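Colleague: I have a few questions about this model. Can we take them one by one?

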2 protein chains.
Amino acid sequence: AMSTYVESIKVTSKDDSRPFMAVFPDLVRELTVEGAEKDIPLVPKHLMKCIQYTVPTGKRNRGLALATSYQILKPNDKDQELAYILGWCVEFLQAFFLVADDIMDGSETRRGKTTWYKHENVGLAAFNDSILLETCLYTILENHFKDKPYYHDLVQEFRTVTRYTAMGQSLDLLTSLEKTPEGKKNLDAFDMSRYSSIVRMKTSYYSFYLPVVLAMKMARIDNPELCRQAKTILLEMGHFFQVQDDYLDVFGDPKVTGKVGTDIVDGKCSWLIVVALQRANPAQRQALKECYGVDDDSSVEKVKAIYNDLKLPKIYKTFEESSFEDIQTHINQLPGGGQMLPPLVFEVFLKKLYKRHV
Amino acid sequence: AMSTYVESIKVTSKDDSRPFMAVFPDLVRELTVEGAEKDIPLVPKHLMKCIQYTVPTGKRNRGLALATSYQILKPNDKDQELAYILGWCVEFLQAFFLVADDIMDGSETRRGKTTWYKHENVGLAAFNDSILLETCLYTILENHFKDKPYYHDLVQEFRTVTRYTAMGQSLDLLTSLEKTPEGKKNLDAFDMSRYSSIVRMKTSYYSFYLPVVLAMKMARIDNPELCRQAKTILLEMGHFFQVQDDYLDVFGDPKVTGKVGTDIVDGKCSWLIVVALQRANPAQRQALKECYGVDDDSSVEKVKAIYNDLKLPKIYKTFEESSFEDIQTHINQLPGGGQMLPPLVFEVFLKKLYKRHV
Ligand SMILES: [Mg+2]
Ligand SMILES: [Mg+2]
Ligand SMILES: [Mg+2]
Ligand SMILES: [Mg+2]
Ligand SMILES: [Mg+2]
Ligand SMILES: [Mg+2]
């Protein structure tokens, strides 16, 4: 059943990209030079620059996922344009997180160009820009959804997901700061339960749960049991996505992914290191402790050699297949047998994820 | 009329401090170790530390002002405890701004102790803590006000004021970054209109307007014309307060204020420099351009000498008196002749401000 659905949606998804982009310039204007605060000196123009630099310059997957989900839930509905606008709200949320994250991580580049805070000597004042980006999404919501019966639900979802994401970021930061009694990086903190918590909180909620739940709110689908199960599936997909991302960081082809992985050097709590630590013998564990997170080529090579000795690529392939099947099963078990919520909403996402190489 | 009112309120205000503090520990618990996210590792305890360090450690003027305003609007009401809780939401908002501001300004101390981001090597991760502090206030609102008819109004006020404050912060940062063609600090950007915008956006909305408007929402006072005029008065009071603050930074007695001013060295857009630039002759203007924002004692002394030559203390005293009278007049002109909204709400504030030395 999935393949027929998917062929049709590929078209839908491509079709969405152009009208999605088309609503953006008006949003920028209403937030800046034509907004309620347009007469404040300097700020509207600065904010416009910041928005143009940080919001529309990514892959826009989350905003498009929302628009496509709504298209599936309510085909050719008069509010499809509102779904594009709501999609941009998700993109503003992401820009808020990423501008802040890049400062906290000291990152030089993002999406192939200089990070915002390194750009034009904005410096730490970029923190305030990230706060402004957050406020923008609520201004857009107010301007376009205030009279909708589901307006407060949208605000509530953004609030909750923002809190989860900030908590996930905090958990990630605190985990990477954990030290052994000797003051060295503590790999013992990297277990599968910690990994799953970080991924769920920091990534899955805003990247997978949020776009779909917002489309469901717009479409007035609010059966609580259905929503609960949809959430479970979307968080599972987020986990699936992040494991892939971690795998590709080390085993992906840089010619295909377009980037050279840095998770080993950065000492990230990645799926690979967590599985490796589960399976390592005492000597391998010791070697991982000595080499993981160390910025020299021979340390990185030692870690990779242990990953290969432990057959992580094979373990990954098995995980990918069984996880894909589990998610498919959960989609098929949704209440209403596909009548209350078309499975295509999830399958579009899943199709994009399964066996991806980028 | 004012003096009789004020004597009674001094008692009220003191009485509020203890029950206001009393609700705080339960709020901390519901946000952390007993909150919905209590099972996430590390984060609840970290957040608890952050809250304890940053939220209840100031003067709590804004939270108390809200509680006192509500006490005046609805004396001995069953919801007075809710007013304390809402007061803490304003204090969380302030903590969110201050933690971020200290990072952006590179400040070492705040309220007589090390700033949060310098504390325990939290570093730039403190920016995420400031985001968490912001989310806390909405969690408190949801936990305690969700079923109130005015719940969405409260959320809306916090969001609007957050946007204004971030814009004020941005305007302040952008103003201080303005450079002359030679790349020097540009004092020409410091005019009275710019000064007023910064103060209104960055300080008055969240410090003066927000506490009173929230108390009014709780008391179900929502005549639009009354609200509009109340807002005007509160923003006037914020301006009055900031001018005082700027005056005391240079001319206050450090033994009374407890701090040595740094506005001249920091090159701040202060009321004093704006008035000085308005009144300076060409030679004085040139000297100000050379000495303002320069970190050495003789430059600071030269600026102070010019301030004295231009009789700024006398100009300030005149401003203080006429501004106080204007505000009094506006209070007396509120619609309803004090029946719709007791003037005491404003007079309590004003009394605290007038002829203060700290
Ligand atoms: Mg990063
Ligand atoms: Mg990061
Ligand atoms: Mg990655
Ligand atoms: Mg500061
Ligand atoms: Mg500052
Ligand atoms: Mg000051």
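Colleague: Which residue of chain B forms a salt bridge with A:Arg163?
Modeller: This is a predicted model: local features need pLDDT of at least 70, side-chain atom pairs count only at pLDDT 80 or more, and totals for chains, interfaces and linings use all residues. Residues are numbered from 1 along each chain as its sequence is written, chains are lettered from A and ligands numbered from 1 in the order in which they are written, and side-chain values use heavy atoms, with hydrogens and water left out. A salt bridge is a side-chain nitrogen of Lys or Arg within 4 Å of a carboxyl oxygen of Asp or Glu. With the closest N and O atoms 3.2 Å apart, the partner of A:Arg163 is B:Glu37.

Colleague: How many residue pairs are in polar contact across the interface of chain B and chain A?
Modeller: A polar contact is a pair of N or O atoms within 3.5 Å; within protein, one must be able to donate a hydrogen and the other to accept it, and residues adjacent in sequence count only if both atoms are side-chain atoms. The rule for salt bridges finds 3 across this interface. For polar contact, with both residues at pLDDT 80 or more, the number of pairs is 13.

Colleague: Which helix gives the largest share of the side of chain B that touches chain A?
Modeller: Helices here are DSSP runs (H or I, at least four residues), numbered from the N terminus. In chain B, α3 (43-54), α5, α6 (126-145), α7 (151-177) and α8 (192-218) each supply at least two residues of that side. The largest share, 15 residues, comes from α7(B).

Colleague: What area is buried between chain B and chain A?
Modeller: Buried area is the accessible area (1.4 Å probe) that two parts lose on being put together, summed over both. Carbon and sulfur atoms give 69% of it. In chain B, B:Phe127, B:Arg159 and B:Arg163 lose the most, together 17% of what that side buries. The total is about 4,100 Å².

Colleague: Which residue bridges the magnesium ion (ligand 4) and the magnesium ion (ligand 5)?
Modeller: Donors are N, O and S atoms within 2.8 Å of the metal (3.2 Å for Na, K and Ca); water is not among the atoms, so sites may look incomplete. Ligand 4 has B:Asp101 (OD) and B:Asp105 (OD) as protein donors, 2.0 Å from it. For ligand 5, B:Asp101 and B:Asp105 supply the protein donors at 2.1 to 2.8 Å. The two ions lie 3.3 Å apart, and the bridging residue is B:Asp101.

Colleague: Why are B:Asp101 and B:Asp105 separated by about one helical turn?
Modeller: Both sit in helix α5 (residues 80-105) of chain B. They are about one turn apart because their spacing there is 4 residues.

Colleague: Is A:Asp101 buried or exposed?
Modeller: Buried means under 20% relative accessible area, exposed over 50%, partly exposed in between (1.4 Å probe, protein chains only). A:Asp105, at 44%, counts as partly exposed. A:Asp101 is at 14% relative accessibility, so it counts as buried.
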